[in-house]
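Here is a short report for a reader new to this structure. Look at the sequence and the model first, then read on.

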Amino acid sequence: MQEFGKFYQKTRDQRLRLLRKFKITAQQEEVLRKQAVNPALGDTMIENYLTDYTLPEGLSFHYLIDGEKYLVPMVTEEPSVIAASSHGASLVEQAGGFSTKLTARLLLGQIVIENVQNMEQLCSQLEAIFPQLLETAQNAHPSLSKRGGGARWLRTRPLSADLLSLDLAVDVQEAMGANMMNTMLEAVAQEITQRLGTDVLLAVLSNYATECLVTASCRIPIDVLAKGELAGETVAKKIVQASRVAQLDPYRAATHNKGIMNGIDAVVLATGNDWRAIESGIHAFATRTGSYRGLSTWELTGGSLVGKLTIPAPVGFVGGSIGIVPLVAVNHELLQLKSARNLEKVIVSVGLAQNLAALYALVTEGIQRGHMRLQLKSLILTAGAAPDEVAPLMAQILQSEKQDLAAVSRALQAYRKGRES
């Protein structure tokens, strides 16, 4: 692959021409060129930039959170996510909406010390200089202190006989905070080495943000949940039982939580945040009891279905890609966001609504009926249909027994012959 040497030093045009010469067709090169939305911006955001891989964005409705209504932009490629989100939120809206609660908004970081000879002694030495270490952290990012944030506390946490984690908690204000956190951690690590001569293995933030938790809850009268011949109480009991299964079985919990993340990821992505960081922290939180469990719980109390979801959500309102991607600013305006805490409330509420919609579908009509109706649009397009052919084909195919690609292709051919005749 010598021809691709120093690829990062080439211009985008040079990269595309090089790919055309060795790897791709002229038509494929044209796709890469046309898909670029903002080449200048893309080239500053990532290395070896080629083009923009776009995902659809839509709006989810019916979100009433702590008495305020929200329009929620969501970025996702899965057809059923936004429809399910709006459905779940509408059920909760009828019952008065979501209530949320937030803990302190702190990001955590670790300085891991290796080759520890005397754990008790090292912990005592570190604890004795906590005030000085906190001051070092503050001085490493003084602008954060001016905004009311900064280092808040330290703790020692032995990992094994020879490994110690020194944890630093920082109020990063409205930012995601990764860069400022790592700057502060490295400054403290250097201070520790100079003072105590310890062997620092690494100094880096943790995405397991247990000091930045947000909870959404809702209470839905059971009569709201009635579906066809199924009484609301029956549906509520089935949702409670399905929730219980996710607490008992990690196989079910993984899918239960994936459904929650369908909504959370879509909002995190739409608001310019790091969805990978949020994903890792939330899934780690699902194991906090020692086994992997469903993140949400549903109970039947006093004639109402009561749902609750708690997640770590260290999202940012400023910084990173948030300030440089134009669409993020538009999405902030759609959401009418005022702060990172405001966004945390929206994200956790979307997760709970997504979960409610999934459980409701599972215990009533089954997951496939609504899901596959939306997936059918993608299948019709895969068969080669033009956008204006989707609606008439959809109506026709929904009446047929088979709804696979072969059946859709046959229906498309028949439809086109009918139009020609």
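## The whole chain

This is a predicted model, in which local features need pLDDT of at least 70, side-chain atom pairs count only at pLDDT 80 or more, and totals for chains, interfaces and linings use all residues. Residues are numbered from 1 along each chain as its sequence is written, and side-chain values use heavy atoms, with hydrogens and water left out.

The chain holds 16 helices and 10 strands. Both are DSSP runs numbered from the N terminus: helices are H or I with at least four residues, strands are E with at least two. The C-alpha trace spans about 85 × 70 × 40 Å along its principal axes. Of the 421 residues in the chain, 45% are buried. Buried means under 20% relative accessible area, exposed means over 50%, and partly exposed lies in between (1.4 Å probe, protein chains only).

## Helix α10

Helix α10 covers residues 250–270. Its 21 residues should span 30 Å at 1.5 Å a residue, and its end C-alpha atoms are 29 Å apart, which agrees. The expected span is 1.5 Å times one less than the number of residues.

Where is the kink in α10 centred? It is centred on M261 and amounts to about 30 degrees. The bend at a residue is the angle between axes fitted to the seven residues ending there and the seven starting there.

α10 is mostly covered, with 15 of its 21 residues buried. At its start, a side-chain oxygen of D249 comes within 3.2 Å of the backbone nitrogen of Y251. After α10 comes G272, with a positive phi near 75 degrees.

## Salt bridges

How many salt bridges does a search of the whole structure find? It finds 17. A salt bridge here is a side-chain nitrogen of Lys or Arg within 4 Å of a carboxyl oxygen of Asp or Glu. The table gives three of these pairs.

| Pair | N to O distance |
|---|---|
| R33 and E29 | 3.0 Å |
| R152 and D171 | 3.6 Å |
| K227 and E365 | 4.0 Å |

Take R33 and E29. Both lie in helix α2 (residues 26–34), four residues apart, about one turn of the helix. An α-helix has 3.6 residues a turn, so residues three or four places apart point the same way. R33 is partly exposed because its relative accessibility is 27%. E29 counts as buried at 12%.

Now R152 and D171, which meet in a salt bridge. This pair links distant parts of the chain: R152 is in strand β5 (residues 150–158), D171 is in strand β6 (residues 164–171), and they are 19 residues apart. R152 is partly exposed, with a relative accessible area of 36%, whereas D171 is buried at 14%.

Last, K227 and E365, which form a salt bridge. K227 lies in the loop between β8 (213–221) and α9 (232–248), and E365 lies in the loop between α13 and α14 (367–382), so the pair ties together parts that are 138 residues apart in sequence. K227 is partly exposed at 35% relative accessibility. E365 is partly exposed at 36%.

## A nonpolar patch

Five names make up a nonpolar surface patch: F61, L71, L327, V330 and L334. Together they have about 400 Å² of accessible area. That area comes from the Shrake-Rupley method with a 1.4 Å probe, and for residues only the protein chains shown count as cover. Patches take residues with over 30% relative accessible area and no salt bridge; like charges are joined within 9 Å, and nonpolar side chains (Val, Leu, Ile, Met, Phe, Trp, Tyr) within 5 Å.

Which helix gives the most to the patch? Helix α12 (residues 326–335) does, with three residues. F61 sits in strand β1 (residues 57–65). F61 is partly exposed because its relative accessibility is 39%.

## Around α13

S339 is in the loop between α12 and α13. Its side chain reaches the backbone nitrogen of N342 at 3.1 Å. S339 is buried, with a relative accessible area of 17%.

N355 is in helix α13 (residues 340–363). Is N355 buried or exposed? N355 counts as buried, at 2% relative accessibility. Its C-alpha atom is 14 Å from that of V235, a residue 120 residues apart from N355 along the chain.

Methods. Polar contact = N/O pair within 3.5 Å; in protein donor to acceptor, adjacent residues only side chain to side chain.
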